[in-house]
Amino acid sequence: MAGEARQSGRELARVESGPSAALPSQMADLPKDELEALAETFGIDPTCHRTRQALVAAIHDRRQMIAGLDREAMLDVVRWARRPVSISATREALAHEIALVRSMRFAGLSQRGLIVLARMRGLRVTDDEQVPILIKQLKKQEGVFTKLNRKRRALLGSIVSNMIGEDEETYQYVPPGPGAAGQASGPSATHPPREASIKEDIEESGIFGGIAGRIKKSADQYLNRKLDEIESRIDRKLDEIDHRLAEWRDKEIANRIRILKITLWASVIVSLMSLIYLYLKQTFGW
Amino acid sequence: MPRIDLFNFFRYTLAWVATIYATVITVQSLWGWYVWLMGRDKYIGMLRRYVIVQGLRLKFSTFWGDVLVCLLLSVTFCILWRAHHLMWDIGEALNGW
């Protein structure tokens, strides 16, 4: 176990860069607000740790725990939560995104993803924990006030969703069969990630955050579509240029060959004339 | 006083002048292209690769008719050249008799 932790520490030191890569001794020197911000990026509630040393130790433990997580399971979580992360992101970068996930709707998340999410939310779970137990523990860990706030946001989300007229049913996929959530590959490996409704966005991030996120997502989609269009237009133009160049090349070669042919015809005609001239000269003795 | 055959004089002069001119122009052009395409610039490198690709994409079937005609004309020219030599040999033999 200690060996694993050492290995994890080495791995972290290798892959990390930036302020979050600070060693525990360096972390202790950080200002309080920076240390608390760092703790929050790792999904740690700084108010739960009274002293600076306890917070530093908690961050250190969390980083070691992150280094030991299954990367594929972490990718399951970011896919499920629709977080914008590159496929080559480090474990720590993935953990930062997972720490921002507040959703309590676990449909579509694999068992290994649930384990990662539970561990990132501070729960102590084993690798072979069953899905219903994991969900139960996550809901239990949420807390009464947080749950109430979430319900309030969900209500607001429903109202906004009804006002806008978004049909939630259009975003639902066929639910996975019984036991599918407990498979190692998880539903995310076989089904595309489900689009979040505005209700879910508001429930997760609040009314302004949800709507802002929605607008941002729409703007991103619009930009991506436009970029794709521009890219395809450039591709078409390049193909056209290539085609024209090929035509020009063929025409140029055909011209050169024609000039060569004319020259050869002239040479043959002149040599034929010369032969006739030579024959006449030798026959008639000119 | 040497006897100059005007027709032969014209033929040989034209052949030499045209051959030298065409050779010089062709070598000059090829050297210019070679120097330009051997440039160190990034875009020249891209262009060099593109020219190679264009060359590889070239289909012989597009020009095979003209190429065949050129080959046949070349063969004809060689045969006529050989006929000249034969004619000279016959002339020398007849004059010798």
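Visitor: Which residues touch the most other members in the largest nonpolar core?

Guide: A nonpolar core is a set of buried Ala, Val, Leu, Ile, Met, Phe, Trp, Tyr and Cys residues joined through C-beta atoms within 7 Å. Here the largest one has 27 residues, and I59(A), M74(A), V77(A), A95(A), I98(A) and V116(A) touch the most other members. Two or more residues each come from α3 (32-41), α4 (52-67), α5 (71-80), α6 and α7 of chain A.

Visitor: Before we go on, what kind of model is this, and how are its parts labelled?

Guide: This is a predicted model, in which local features need pLDDT of at least 70 and side-chain atom pairs count only at pLDDT 80 or more, while totals for chains, interfaces and linings use all residues. Residues are numbered from 1 along each chain as its sequence is written, and chains are lettered from A and ligands numbered from 1 in the order in which they are written.

Visitor: What is the mean pLDDT of chain A?

Guide: pLDDT is the predictor's confidence in each residue, from 0 to 100. For chain A the mean is 78, and 80% of its residues reach 70 or more. Residues 1-19 of chain A have pLDDT below 50, and residues 168-191 of chain A also stay under 50.

Visitor: How many helices and strands does chain A have?

Guide: Helices (H or I, at least four residues) and strands (E, at least two) are DSSP runs, numbered from the N terminus. Chain A has 10 helices and 0 strands, whereas chain B has 3 helices and 0 strands.

Visitor: What does "buried" stand for, and which residues of α7(A) are buried?

Guide: A residue is buried if 20 or more other C-beta atoms lie within 10 Å of its own, exposed if 12 or fewer, and partly exposed in between, with C-beta atoms placed from the backbone. In α7(A) the buried residues are Q111(A), R112(A), G113(A), L114(A), I115(A), V116(A), L117(A), R119(A) and M120(A). Because 9 of its 10 residues are buried, α7(A) is largely enclosed by the rest of the structure. Its cover includes α4, α5, α6 and α8 (131-142) of chain A. Over the whole of chain A, 20% of the 286 residues count as buried, and for the 97 residues of chain B the figure is 0%.

Visitor: Is S88(A) buried or exposed?

Guide: S88(A) counts as exposed because it has 6 C-beta neighbours inside 10 Å. You will find S88(A) in the loop between α5 and α6 of chain A.

Visitor: At what angle do α6 and α7 of chain A pack?

Guide: Axes are lines fitted to C-alpha atoms, for helices over the stretch in contact, and angles run from 0 to 180 degrees between N-to-C directions. Helix α6 (residues 91-99) and helix α7 (residues 111-120) of chain A pack at about 75°, with axes 10 Å apart. That makes α6(A) roughly perpendicular to α7(A); angles under 35 degrees count as roughly parallel, over 145 as roughly antiparallel, 65 to 115 as roughly perpendicular and the rest as oblique.

Visitor: Which residues meet there?

Guide: Two residues are in contact if their C-beta atoms, placed from the backbone, lie within 7 Å. A95(A), I98(A) and A99(A) in α6(A) meet V116(A), L117(A) and M120(A) in α7(A).

Visitor: How many residues of chain A are in contact with chain B?

Guide: There are 23 in chain A, in contact with 20 residues of chain B.
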